[in-house]
Structures are given as C-alpha cells and as structure tokens.
Amino acid sequence: MSAIRPKAAEILELYGVNQPGTTAGQALTQAQTDLTFRLPARRVAAAHQGRTHFYEFGWRSPALGGRLGACHSLILPFMFNTLSLDTGPDRMAGPNPPQELAERVHRAWIDFATTRDPGWPEYGPDRQLMWLDTPSTTRPDDVPWANVERFEPTRA
C-alpha cells in the first residue's frame with residue numbers, strides 16, 4: 001500500500017491497525033475497500049450535478065461463517081428480488097436472507113427508475129446516505145477520513 005499511498009501508515013491508523021481487536025489484515029482490508037469502492041463512489045456523488053441518492057448495502061451474509069460480510073455483488077439478489085436463487089447453506093446469501101430487505105431494495109430501485117425518488121433524501125452537503133440493512137436507516141456517511149485530500153498520492 002505504501003508504494004502508491006505515501007501516508008499508508010497514517011491511513012491504517014485511522015482503521016485501527018494498532019488497536020486491540022483489529023488485525024493488520026482487517027485494517028488493510030477496510031482501508032482498501034474504502035480506497036477502491038467507497039471513496040470513488042462518494043467523489044462521483046459529490047461531483048454530480050443534479051439529484052443524487054446514495055446508499056450502502058450493509059446486510060452481512062452469514063455464508064462461509066460470516067466471512068463474506070456485505071461483499072461486492074451481494075445486493076444483486078436483493079435488487080432484483082430473486083433471493084430464492086441465491087439462498088442456501090452454500091449460496092452467497094446464506095440460508096435465511098431477509099426477504100423484507102429484498103422487497104425494500106427492489107421497491108427502491110423500481111421507484112427510482114419510475115419517479116427518480118428511491119424513498120430517501122438526496123445526498124448533499126450533509127452527506128446523509130441510506131444504509132440498507134435490517135433495519136435500514138438514513139445516517140451520516142462514516143468514511144473515517146473526511147479530509148481525503150491529505151491522503152492523496154503525490155502526482156509527478
């Protein structure tokens with residue numbers, strides 16, 4: 001990480017790298033998730049001119065002993081309300097995914113496609129987003145380093 005992020009140690013500190021209960025691997029994984037997925041998505045949302053709605057899918061799959069967490073693409077069977085195709089002990093959504101969450105996520109996508117309103121406030125200067133989980137809630141954005149510019153790599 002330090003080869004492309006000169007302040008890697010400082011970034012990892014924000015993710016609890018030296019805190020009890022947090023392994024270096026956990027801190028690195030969370031930092032990389034934010035650098036790769038969460039921050040770029042926030043930059044696009046903040047730069048967009050017009051209505052912007054932002055969400056994060058937070059429901060953690062119990063599959064593989066819970067190690068998948070709220071992994072990339074887990075939202076798809078919720079979005080299309082096709083949980084029955086991805087439910088079971090060896091499936092990504094695990095044995096008993098919440099059908100009510102699938103119905104809520106599916107409805108939000110349909111509503112957004114037809115009315116441009118998924119059912120939660122726009123993402124604006126207050127950085128409120130919809131956390132899709134059981135329960136779902138609107139909440140402040142929680143990226144641990146709001147001042148991301150100080151961690152940007154130096155451009156030559």
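The following conversation goes through some features of a predicted model and explains the terms used for them.

User: What should I know about the model before we start?

Analyst: This is a predicted model, in which local features need pLDDT of at least 70 and side-chain atom pairs count only at pLDDT 80 or more, while totals for chains, interfaces and linings use all residues. Residues are numbered from 1 along each chain as its sequence is written, and side-chain values use heavy atoms, with hydrogens and water left out.

User: Which helices and strands does the protein chain have, and what makes a stretch count as one?

Analyst: Helices (H or I, at least four residues) and strands (E, at least two) are DSSP runs, numbered from the N terminus. The protein chain has four helices and three strands, and along the sequence they follow the pattern α-α-β-α-α-β-β.

User: How do you know what span to expect for helix α4?

Analyst: The expected span of a helix is 1.5 Å times one less than its number of residues. Helix α4 covers residues 99–115, which is 17 residues, and reaches 24 Å from its first C-alpha to its last, close to the 24 Å expected.

User: Which residues of α4 are called buried, and what makes a residue buried or exposed?

Analyst: Buried means under 20% relative accessible area, exposed means over 50%, and partly exposed lies in between (1.4 Å probe, protein chains only). In α4, Leu-101, Ala-102, Val-105 and Ala-108 are buried. These residues cover an arc of only 130° around the axis (the arc being that of the directions from the helix axis to the C-beta atoms), so they lie on the same side of α4. On the other side of α4, Glu-100, Thr-114 and Thr-115 are exposed. Among the elements that cover the buried residues are β1 (55–57), α3 (76–79) and β2 (128–132), where contact means heavy atoms within 4.5 Å.

User: Why is the pair of Tyr-55 and Trp-120 called edge-to-face?

Analyst: Rings of Phe, Tyr and Trp (its six-membered ring) pair if their centres lie within 6.5 Å, and planes under 30 degrees apart count as stacked, over 60 as edge-to-face and the rest as tilted. Because Tyr-55 lies in strand β1 and Trp-120 in the loop between α4 and β2, the pair ties together parts that are 65 residues apart in sequence. Tyr-55 is partly exposed at 27% relative accessible area, whereas Trp-120, at 8%, counts as buried. Ring pairs also link Tyr-55, Trp-109 and Trp-120 into a cluster.

User: How do you know that Arg-139 sits over the ring of Trp-131?

Analyst: A charge sits over a ring if NZ of Lys or CZ of Arg is within 6 Å of the ring centre and within 35 degrees of the ring normal. The charged end of Arg-139 is 3.7 Å from the centre of the Trp-131 ring and is recorded as sitting over that ring.

User: What makes the contact of Arg-42 with Glu-56 a salt bridge?

Analyst: A salt bridge is a side-chain nitrogen of Lys or Arg within 4 Å of a carboxyl oxygen of Asp or Glu. The closest N and O atoms of Arg-42 and Glu-56 are 2.1 Å apart, so the pair meets that definition. This pair links distant parts of the chain, with Arg-42 in helix α2 (residues 24–47) and Glu-56 in strand β1, 14 residues apart. Arg-42 is buried, at 5% relative accessible area, and Glu-56, at 13%, also counts as buried.

User: How many salt bridges does the structure hold, and which residues are linked in a network?

Analyst: The structure holds seven salt bridges, and Asp-34, Arg-38, Arg-42, Glu-56, Arg-127 and Asp-141 are linked in a network of them. In the salt bridge of Arg-127 with Asp-141, the distance from N to O is 3.5 Å.
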